[in-house]
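Thank you all for coming.

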Amino acid sequence: MENILIVEKDVNYCIDLINIIIKNHKELKLVGVATTVDDALNCIKNDCIDIILINAEMIKDIDIKYLKKYENSIIILTNSNTKFVCKYYTQSYQIINKQEDIGILNQKLNDLVLKNRKVYNVKDLREIIKDELIYLEYNQTYKGFDYLIETLFLLINLEEYSEDNLSKNIYPIVAKKFDTSPSNVKYNIRNATVTIYFDCPVDKLSNYLGFNVSSKKPKTKTIICIIENNIRKKTNYSY
């Protein structure tokens, strides 16, 4: 999920942009709409922005030091077709003429999302998953630890996923890799997961899962889904 900020003084055009983002870009999260330079600066300083759509006149009034880190993630909104270069700065930003077809803006947004998305190779992703499990105090000596790494790796790389597919579609693949049975994969993952209730501090595990585990112990499937979603957020993997 990429966080996007709109900096535009034309309220009606802001509304158009918001509708475009909501309709066409589920991978984008609108985190702010600034109609003044001061409002824009307050949002930018919060350091939670990935992409900025900004009015050509307004960007001239923002100190370059606040924009430098976003130099590859800015689209200038202008009424001109001329190439826009920010004063005192050599970066030539992408621009979009407000009168141009919406498809052009959609394409530019898609390009930025793809460019900003972190891409991990197979080895890196498995190491990320392993670190996540170690953080949750999973015991590395358990067979279920390795089975769970492979399970999460497969889930994260699926474009579409239903929880009901674990036993039917995921565990058989894991079982084949480790020369065992799907039921054995499920059993060992469950055993490995049970131990984190004893080894991982309650507050730490509760904060990670989003609920108090001392009063509610979730099913293994639920924990797997939460771990998967958290890794997706950290790595920018998206469905």
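Before any residue is named, one definition: a residue is called buried when its relative accessible area is under 20%, exposed when that area is over 50%, and partly exposed in between, with a 1.4 Å probe and protein chains only. What you see is a predicted model, in which local features need pLDDT of at least 70 and side-chain atom pairs count only at pLDDT 80 or more, while totals for chains, interfaces and linings use all residues. Residues are numbered from 1 along each chain as its sequence is written, and side-chain values use heavy atoms, with hydrogens and water left out.

Let me start with helix H10, where Arg 232 and Glu 228 sit four residues apart and are therefore separated by about one helical turn. Their side chains meet in a salt bridge at 3.1 Å, N to O, the term meaning a side-chain nitrogen of Lys or Arg within 4 Å of a carboxyl oxygen of Asp or Glu. Arg 232 counts as buried at 4% relative accessibility, and Glu 228 is buried as well, at 1%.

How many salt bridges does this rule give? The count comes to six, and another of them joins Lys 177 and Glu 150, at 2.9 Å from N to O. Lys 177 belongs to helix H7 (residues 165-178) and Glu 150 to helix H6 (residues 143-156), so this pair ties together parts that are 27 residues apart in sequence; helices here are DSSP runs of H or I with at least four residues, and strands are runs of E with at least two, numbered from the N terminus. Glu 150 is buried, with a relative accessible area of 8%, whereas Lys 177 is partly exposed at 48%. Both residues also take part, together with Arg 126, in a network of salt bridges.

Turning now to the polar contacts, which are pairs of N or O atoms within 3.5 Å, where within protein one must be able to donate a hydrogen and the other to accept it, and where residues adjacent in sequence count only if both atoms are side-chain atoms. His 25, in the loop between helix H1 (11-24) and strand E2 (28-34), is buried at 2% relative accessibility, and its side chain is joined to that of Asn 106 by a polar contact of 2.9 Å. Ser 73 lies in the loop between helix H3 (56-59) and strand E4 (74-78); it is buried at 8%, and its side chain reaches the backbone oxygen of Asp 50 at 3.2 Å.
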